[in-house]
Amino acid sequence: MEPKWSNTVCRRILSTGFTLFVVLGATQVSAIDIHAASEVIVQNGTTGVLRCTFKSNEVVSSGTSVTWSFQSSQPDNQFSKAPYVIYYFSNGKGFPGQDEFKDRVQFIGDINRRDVSIQLSPTQFSDNGTFFCDVKNPPDVKGTQARTELRVVLKESLPQTNTAIIIGAVTGALLVLVIIAVAVCFVIRVLHNRHDYEGCTSLESVSSQAPQPRKKAESVREGSRCTSPSGPLQGPVIYAQLDHSGSKNSFHKMEPVVYADIRKN
């Protein structure tokens, strides 16, 4: 028989493990995941877009809140010491913060789609620094705020990588289309020429083979004309010189004499 204290210890261990499991599981479920671009580069005087999205297992409600803060990277700026709230969104309404950003910050996201992005227009060199995006969606209130480094530069300092990639992609696509079109035209021309060649060959073969029976028939007819006599048989023709003057040694005229007639005479 086991002692009672061992049963008590086992029960306490099981109870503690179950409590830890529930707490850890609830913590993981209640966590909110926030994403933002790590760096954004914009031209001075233009509109800068700061994207921020979040993931939550809870349904977005009126209690969902969004906070945007800013900390300047310039030592002489008033916002360089600590982050300052520049925009706050709650209960479907937005509330701009500091006067420096009050007229330049605009909410462009859709909180129902979990998009809490904002834009600055126009951007200034004083906007160089870090922007923090924080979202609370009760009971998902625990999560790490996202941060974006904003760099406001002159037009000449803008990176050309994206432009070069776009131009290269468009040029490559056009080149591929041209190659495909040339290949299709070449194949069509080859097939067309082959069709014409086969048609001419068949016509030539027909024209060259059709007259052959005629030639044979004509040759047979001609042979039959040459070999078969059309009238009475005639012997070989012998040319003899006859002297009509009565002299035996002189001949003045040649007349054909049929050998058969000579024999008859």
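## Reading a predicted model, feature by feature

Reader: What is the order of the strands in the open sheet?

Author: There are 6 strands, in the order S2-S11-S10-S5-S6-S7, and the pairing is mixed. At the edges stand strand S2 (39-43) and strand S7 (93-96); each has a single partner strand, so one side of each lacks a neighbour in the sheet. From one strand to the next, the twist averages 20°.

Reader: Now the aromatic side chains, please. How many aromatic pairs does the structure hold?

Author: First the idea: two numbers describe a pair of aromatic rings, the distance of the centres and the angle of the planes. This structure holds 9 aromatic pairs. Take Phe70 and Phe79: their ring centres are 6.0 Å apart and their planes stand at 65°, so the pair counts as edge-to-face, since planes over 60 degrees apart fall in that class.

Reader: Is Phe70 buried or exposed?

Author: Phe70 is buried, with a relative accessible area of 0%. Phe79 is buried as well, at 3% relative accessibility, because buried means under 20%. Phe70 also pairs with Phe101: the centres of these rings lie 5.2 Å apart with planes at 65°, so this pair is edge-to-face too. It links distant parts of the chain, with Phe70 in strand S5 (residues 65-72) and Phe101 in helix H2 (residues 99-102), 31 residues apart. Phe101 is buried, its relative accessible area being 0%.

Reader: Which residues form one aromatic cluster?

Author: The cluster is made of Phe70, Phe79, Tyr84, Phe101 and Phe131.

Reader: Let's turn to the backbone. Where does a cis peptide bond join two prolines?

Author: Look at Pro138 and Pro139, where omega is about 5°. Pro139 sits in the loop between S10 and S11. Another cis bond runs from Ser121 to Pro122, with omega near -5°. Pro122 belongs to the loop between strand S9 (118-120) and strand S10 (129-136).

Reader: And which residue has a positive phi of about 55° although it is not a glycine?

Author: That is Asn91, found in the loop between strand S6 (84-90) and S7. Asn91 is exposed, at a relative accessible area of 53%. Arg114 is not a glycine either, and has a positive phi of about 65°. Its place is the loop between strand S8 (105-107) and S9. Arg114 counts as partly exposed, with 25% relative accessibility.

Reader: One last feature, the surface. Which residues make the nonpolar patch of about 750 Å²?

Author: Find Ile166, Val170, Leu174, Val176, Leu177, Ile180, Val184 and Ile188. To place one of them, Ile166 is in helix H3 (residues 161-209). Ile166 has a relative accessible area of 54%, so it is exposed, as exposed means over 50%.

Note on methods. Residues numbered from 1 in each chain as written. Predicted model: local features only at pLDDT ≥ 70, side-chain atom pairs only at ≥ 80, totals over all residues. Heavy atoms only, no water. Patch = residues over 30% accessible without salt bridge, like charges linked within 9 Å, V, L, I, M, F, W, Y side chains within 5 Å. Areas by Shrake-Rupley, 256 points an atom, 1.4 Å probe, with all protein chains shown as cover. Salt bridge = Lys/Arg side-chain N within 4 Å of Asp/Glu carboxyl O. Helix = DSSP H or I, 4+ residues; strand = E, 2+ residues; numbered from the N terminus. Buried < 20%, exposed > 50% of the residue type's maximum accessible area, 1.4 Å probe, protein only. Pairing = 2+ DSSP bridges. Axes fitted to C-alpha atoms, helices over the stretch in contact; angles between N-to-C directions. Phe/Tyr/Trp six-rings, centres within 6.5 Å; stacked < 30°, edge-to-face > 60°.
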